[in-house]
Amino acid sequence: MVKKLYPDAASALEGLLFDGMHLCAGGFGLCGIPERLIDAIRDSGVKDLTIASNNAGIDGEGLGKLLRTRQVKKMISSYVGENKEFERQYLSGELEVEFCPQGTLAERCRAGGAGIPGFYTKTGVGTAVAEGKEVKVFDGQEYILERGIFADVAIIKGWKADESGNLIFRKTARNFNQPMATAAKICVAEVEEVVPVGSLDPDAIHLPGIYVKRMIIGAPYDKKIEFRTVRQRETA
């Protein structure tokens with residue numbers, strides 16, 4: 001069995017990073033993001049990155065760290081409303097942005113991972129999303145062509161894996177991690193725990209190990225909260 005577990009994020013990414021590369025990054029907000037791998041990419045100094053991710057974290061957290069160090073050239077994202085540095089760079093022309101409806105982004109990554117170069121969807125028809133895209137009519141309805149996404153490297157966050165890379169995601173942290181994992185030449189996963197082969201129920205596996213080329217254990221983690229909402233204390 002090929003040894004997939006690496007001692008740290010830097011060694012797991014060794015030989016994979018280069019200027020101008022395309023990354024797929026799992027996670028949603030601050031949930032299920034590959035924190036250790038993002039830190040290692042920041043520390044590597046690689047630049048001019050194109051990153052496909054649902055969002056770009058928040059200021060100073062998640063992919064926001066790579067924005068702060070000016071390592072990102074282009075973001076392909078669905079939601080970016082909570083990142084002021086993202087907004088500043090976009091409005092000043094420092095950052096190229098390709099906005100993509102959330103479901104379309106997930107399907108573009110799934111399609112890329114399945115070897116499908118493009119697909120037609122009604123989402124975005126008649127809006128700015130459709131500008132410059134091919135339009136076809138099916139059964140009297142207009143659909144726009146969306147291209148599949150296939151990156152150089154995917155970085156994802158899992159909950160538990162076995163030594164061969166079979167992986168389980170935890171609850172909503174499954175989000176974009178699963179489609180992103182397949183949408184790249186090489187997938188690097190960080191997980192909270194690695195167990196011996198045979199320890200996981202085969203029916204519980206979310207991502208087969210064939211997709212995971214390298215792994216690290218990233219735990220322990222500090223749970224970061226994007227929005228802390230509290231109720232005003234009631235007085236007697």
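**Note on strands, a helix and one buried threonine**

1. Strand 6 (residues 135-138) and strand 7 form an antiparallel pair over four bridges; two strands count as paired if DSSP finds at least two bridges between them. Helices (H or I, at least four residues) and strands (E, at least two) are DSSP runs, numbered from the N terminus. Within this pair, Lys-136 has Tyr-143 of strand 7 as its bridge partner.

2. The model is predicted, with local features needing pLDDT of at least 70 and side-chain atom pairs counting only at pLDDT 80 or more, while totals for chains, interfaces and linings use all residues. Residues are numbered from 1 along each chain as its sequence is written, and side-chain values use heavy atoms, leaving out hydrogens and water.

3. The hairpin of strand 6 and strand 7 has two residues between the strands, and Asp-139 there takes a positive phi near 50°.

4. Strand 7 (residues 141-147) also pairs with strand 5 (residues 118-121), again antiparallel and over four bridges. Here Thr-121 stands opposite Ile-144 of strand 7.

5. Thr-50 lies in strand 2 (residues 49-52). Thr-50 counts as buried because its relative accessibility is 16%; buried means under 20% relative accessible area, exposed over 50%, and partly exposed in between (1.4 Å probe, protein chains only). Leaving aside residues up to four places away in sequence, Thr-50 touches Met-21, His-22, Leu-23, Lys-74 and Ile-76, where contact means heavy atoms within 4.5 Å.

6. Helix 2 (residues 35-44) has buried residues at Glu-35, Leu-37, Ile-38, Asp-39, Ala-40 and Ile-41. Gly-45 follows helix 2 and has a positive phi, near 80°.
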